[in-house]
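Hi,

I am passing a structure on to you, with some notes on what turned up in it. Could you look through it when you have a moment?

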Amino acid sequence: MAGNEARSELTDGNTESLLMIQRTAFTVQSFEEQYRSNYVHSTNYEKQKVRIGISKLSLVNFMYQLLPILKWLPAYKLRDYAAGDLMAGLTVGIVCVPQGMAFSLNANLAPVYGLYVSLFPVLVYILMGTSHHLSMGTFAVISIMAANAVEKLLADVDFLALSMDTGGASSADELQQIEWLKAHTALCLLVGIMQVIMGILRLGFVTKYLSTPILRGFTTGAACHVLTSQFKYMFGLEITASPGPLSIAYVYMDILSSLHKSNLAAITVSIVSLIALVTAKEIMQIYKKKFKMPMPIELIVVTGSIVGSHFLKWNEKYRLDILGNVPTGIPGPSLPPIKYFSRLIADAFVIAIVAFVLNISQAIIVASKNNYRVDSNQEFIAYGCGNVVGSFFSCFTACAALARTLILDNTGAKTQLASFIQCLFVLVVLLALGPLFEPLPKCVLACIITVALAGMFRQFADLKVHWKTRNWWDLITWLVTWSSVTFIGVDIGLLVGVAFAFLLVVIRTQRPKCVMLGHIKNTEIYKEISTYDQSENIGVNESRCKGIDPEAVDLEGGTQEGPIHTLVIDCGFFSFLDSVGVTTLDDVINRYSAINVTVVLANCKETVLNTLESQTFFEEHSKDRCFPSLHDAIIIRQKQHEKDILDKYSNIFESEVQAEEACIEATAN
């Protein structure tokens, strides 16, 4: 028996509790025999075979899984949710129109295609997504990556020669725009197919390997690329991005060398727009409790710049670059050219992964804040289906945007019905209001994107937090991921960040901390003897273990009371055990057995026990060697050792008696 009668007391004005426990000490085998209903006793400890029946999903359950809207829409609380969804949907709709146009420019396409991306993939996600707040549509990082892929694909095409072949019926720019759109839709379709396949293969588990430092370092690095891509519009410069490592450095070198060519009108409009946007957002942040809804500052700035550009003729007088033709209507479905698939497959795979990481990272962060969960595998399928459908309607690759997602969350959205309101707003713009945006200066859109990135750049504050808390591993991971994404590239940078995180895990696991535990008197608690002064050593002498690597402790020397008879290994920190670990344990047991020390295991998780079972560990070693807790191991091994001593002396006594009797008998004969 171990311990005393269970009792709990609370002292007046104090929260201290007195806990005393009385129970039988167990080995793992005796514990399973008593408390595990499906325990099967086996003398040779053969692996128990568990039959797992896989039932086929019914059509209804399959539809619920594929279309989550079937779950949340019938349970929609109109009185509680409608106002928040309506307000959030209108606000995001106002923001996503100029953002969609701006991000379309990043893809080197006309602004109207960004509106298509803000409509078709979003409608699909409403039906299939599991996040309540994720705002699908356009995003600058993916737009830039897609543009780079298409640019490599069409780099050898001579559009001027093609224009001459048509007899001048189509200009080189028109032919280039047509072919760029075809390539973008092909890329979008290929990305979508890959994402659907990854979802079907249940590859959403990859999110488990994306720690917070990786995600935040990655998104901050991506934001640096987005910001860089906007400077050419704010300065009115013609800058061509250079794909590959250090591309961001080359862009800044081109900007600095071309500053003397800057358009003063673009700089002036950009400064005024930035001041208005930043000031309004700061005011809303200070007085956010007084504002029932966010100020539509983006719409105000866009409207003001459109009015100024139209009536003051900024484009004609100052050569200020504007959006130009924005056609009305919705494009009819058309099949993307699959002839480009073979040359786009590598870029499509990278974009599919990066888009998923960007999407799921935002979805997980917002879901955690609002106490619900997202299904990463279903999210993969939802993103993929959105891109597949969008590719048939002149869309480039879609992705969620952090700024819009945060707006949905902060303005009271409860479900994806808010995104449906956004789609209605975009649809109105496409059907009727599109031409009104034609005088809009591109530099204004660049300013809107730049200010929207403020939230991402605030993530640099993570470095200060990690430094203060001395969380060096997370600090290094954040910096490596950010610098890799920023200076090497978004795609390769993500891989570098993940690989570096894996390397840190390997390094840390190869240098585990091993400590000697001592018993806290009158408790079942065992703590490090080097940390807790009242932790009593019940094994080797204190002089042999304090400040010494436990692996180097001389167990043969024993204690002042006698030799060491048992070594107890606390396996509670073992998250898993592989075949090498089993072999190591077997070697440790055999080594110490040679010096008459019994090695026992305590606190083994079920996964560890199952591994030992499957690796035939218990065919050579008794399962009585495992204990459910440290205290059980100590109590039982002490009792067993006392019994062994008694048996030893009993055997000696019997041997002496038998020898004496034999001697007497021999003398008598």
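This is a predicted model: local features need pLDDT of at least 70, side-chain atom pairs count only at pLDDT 80 or more; totals for chains, interfaces and linings use all residues.

In the hairpin of strands E3 and E4, which has 5 residues between the strands, Asn522 takes a positive phi near 65°. E3 (residues 517-520) and E4 (residues 526-528) pair in the antiparallel sense over 3 bridges, where pairing means that DSSP finds at least two bridges between two strands. Tyr526 in E4 is the bridge partner of His519. E3 is also joined to strand E5 (residues 535-536) by 2 bridges, and these two run antiparallel; here Ile520 stands opposite Ser535 in E5.

Residues are numbered from 1 along each chain as its sequence is written, and side-chain values use heavy atoms, with hydrogens and water left out. Helices (H or I, at least four residues) and strands (E, at least two) are DSSP runs, numbered from the N terminus.

Now to helix H17 (residues 402-410). Its buried residues (under 20% relative accessible area, with a 1.4 Å probe and protein chains only) are Leu402, Arg404, Thr405, Ile407, Leu408 and Asp409. Among what covers them are helices H4 (78-106), H15 (341-369), H18 (417-433) and H20 (454-457). Just after H17, Gly412 has a positive phi of about 95°.

Two of those covering helices also pack on each other: the axes of H4 and H18 (lines fitted to C-alpha atoms over the stretch in contact, with angles from 0 to 180 degrees between N-to-C directions) lie 7 Å apart, at an angle of about 45°. H4 and H18 are therefore oblique to each other, as angles under 35 degrees count as roughly parallel, over 145 as roughly antiparallel, 65 to 115 as roughly perpendicular and the rest as oblique. Their contact (heavy atoms within 4.5 Å) includes Leu86, Gly89 and Val92 of H4 and Ile421, Phe425 and Val429 of H18.

How do helices H12 and H13 cross? The axes of H12 (residues 264-286) and H13 (residues 297-312) come within 10 Å, and the crossing is at roughly 155°, which makes H12 roughly antiparallel to H13. Ser273, Ala276, Leu277, Ala280, Lys281 and Met284 in H12 meet Ile297, Glu298 and Val301 in H13.

Technical notes. Buried means under 20% relative accessible area, exposed over 50%, partly exposed in between (1.4 Å probe, protein chains only).
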